[in-house]
Each structure stands twice: as C-alpha cells, then as structure tokens.
Amino acid sequence: MQGVTVVDHPLVQHKLTLMREKERSTKGFRQLLNEIGMLLCYEVTRDLPVEHIEIETPLTKTQGVQIAGKKLVFAPILRAGVGFLDGMLTLVPAARVAHIGLYRDPESLQAVEYYFKAPSDLADRMVLVLDPMLATANSAVAAIERLKERGAKDLRFVCLLAAPEGIERLRSAHPDVHIWTASIDERLNDHGYIVPGLGDAGDRMYGTR
C-alpha cells in the first residue's frame with residue numbers, strides 16, 4: 001500500500017507470532033512489545049539526517065557521523081502506546097516524550113481525549129506517533145491532529161498491527177504521515193477489533209483482559 005511500510009524482518013515477525021498467542025502471559029506480552037518497539041524504531045529511523053563531525057579516538061583524530069538537528073519526539077497514545085516507549089528510548093535515550101491520552105468510546109468507536117502534554121518545539125522535531133493497533137484509526141487521526149495543532153510538521157506513525165480500514169482512514173485524513181507496521185491484517189470485526197489480531201493490546205499489557 002502507498003504510504004505504508006511493512007517491517008518484515010524475521011525477528012519482528014517471530015515476536016509478533018508469539019504475541020498473537022492467546023495464552024501468552026502478561027509479562028511475556030509486555031516484554032515482546034518492548035522488544036518489537038526497539039526493532040521498529042530501528043527501521044523507522046533508518047533515513048534520519050546525519051552530519052559529519054571531527055572526534056578524537058584514543059589513537060588519533062577522525063571523522064564521525066551523528067544525527068543532525070534536534071532530537072526525536074516519541075508520542076505514545078495512552079495507554080497501549082506506552083508499551084513501545086522503553087524499547088525506543090533504549091535506542092534513542094535523548095528523545096523527548098509527548099503523551100496523548102485517548103480512549104475509544106465503546107458505542108461510537110470515536111476517540112475521546114482526556115490528556116495531552118508535548119514539548120513546545122514540535123515544529124523543529126520529527127515526531128513518531130506510537131500505538132500498537134491501527135484499527136478504526138480514530139485515535140491515530142485525533143492524535144495527529146492535536147500534534148499538528150501544536151506545530152508538528154514531520155510525523156510518522158508506528159504500529160504493530162494495522163487493518164486495511166484503519167490504513168485507509170489515516171491515509172485519507174493525513175496523507176503526509178507515513179505508516180510503519182509489522183503486519184496488515186485481514187479486517188475489522190463488528191466491534192472494531194483487528195482480525196486475526198491479538199486482542200486488546202492495552203488489556204494484555206496490563207493484565208486486565
């Protein structure tokens with residue numbers, strides 16, 4: 001699909017299969033989500049701009065490479081998006097963090113905002129919006145709208161699973177935002193869950209299923 005990258009690395013696909021298993025423990029699910037978050041971050045940041053600098057090793061001076069510009073912002077959509085955060089911060093410990101609190105109304109399936117906190121200089125930073133599930137995409141669309149209202153211009157969306165319906169909705173609302181996912185699943189069911197999916201990622205993270 002245009003505007004979508006499926007990360008098909010064997011480690012990502014192996015861990016995703018483990019996460020789909022119904023009997024996977026809360027601890028195991030949370031650990032796997034952390035690990036996959038790290039692997040997805042590696043792929044999403046593959047084309048970050050860099051600059052050459054001069055450094056001194058214990059033996060001599062040489063040229064090195066460092067990431068150019070201001071540090072990234074990780075913007076997890078609460079609550080499940082936090083599952084990606086530790087793994088990504090392990091790779092990019094200097095990144096800033098924005099928090100976006102949204103929940104899905106069980107009747108309308110629309111996103112309802114209850115919390116938003118982000119750095120003031122979003123316009124100068126690349127923002128990775130994090131949510132394991134891109135289902136109806138209502139939360140993703142709302143989160144990106146709020147980030148853009150605060151000045152964000154360079155945004156990327158990172159998820160574990162995506163439904164075709166969610167991809168179409170997000171790409172229609174925000175065609176400038178590229179999507180990275182580990183899998184495009186078959187469809188949504190009548191309750192807005194991804195099929196075959198892995199259930200509710202937040203419930204499985206926190207043991208509330």
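Analyst: Arginine 79 is found in the loop between β4 (73-78) and α3 (85-91), where helices (H or I, at least four residues) and strands (E, at least two) are DSSP runs numbered from the N terminus. This is a predicted model, in which local features need pLDDT of at least 70 and side-chain atom pairs count only at pLDDT 80 or more, while totals for chains, interfaces and linings use all residues. Residues are numbered from 1 along each chain as its sequence is written, and side-chain values use heavy atoms, with hydrogens and water left out.

The peptide bond that joins leucine 78 and arginine 79 is cis, with omega at about 10 degrees. A cis bond also runs from valine 195 to proline 196, where omega is near 5 degrees. Proline 196 is located in the loop between β15 (194-195) and α6 (201-206), and with a relative accessible area of 52% it is exposed (buried means under 20% relative accessible area, exposed over 50% and partly exposed in between, with a 1.4 Å probe and protein chains only). Apart from its neighbours within four places in sequence, proline 196 is in contact with Arg20, Asp185 and Glu186, contact being heavy atoms within 4.5 Å. Between proline 196 and aspartate 176 there are 28 Å from C-alpha to C-alpha, at 20 residues apart in sequence.

The backbone at alanine 137 has a positive phi of about 75 degrees, although this residue is not a glycine. Alanine 137 sits in the loop between β9 (133-134) and α4, and it is buried, its relative accessible area being 4%.

Helix α4 (residues 138-149) packs against helix α5 (residues 164-173) at an angle of about 20 degrees, the axes being 9 Å apart; axes are lines fitted to C-alpha atoms, for helices over the stretch in contact, and angles run from 0 to 180 degrees between N-to-C directions. The two helices α4 and α5 are therefore roughly parallel to each other, given that angles under 35 degrees count as roughly parallel, over 145 as roughly antiparallel, 65 to 115 as roughly perpendicular and the rest as oblique. The contact is made by Asn138, Ala140, Val141 and Ile144 on the α4 side and by Arg169, Leu170 and Ala173 on the α5 side. By class, these are five nonpolar, one polar and one charged residues, with Ala, Val, Leu, Ile, Met, Phe, Trp, Tyr, Cys and Pro counted as nonpolar, Asp, Glu, Lys and Arg as charged, and the others, Gly among them, as polar.

Valine 141 is buried, with a relative accessible area of 3%, and, leaving aside neighbours within four places in sequence, it is in contact with Arg169, Leu170, Ala173 and His174. Although valine 141 and arginine 169 are 28 residues apart in sequence, their C-alpha atoms are 8.0 Å apart in space.
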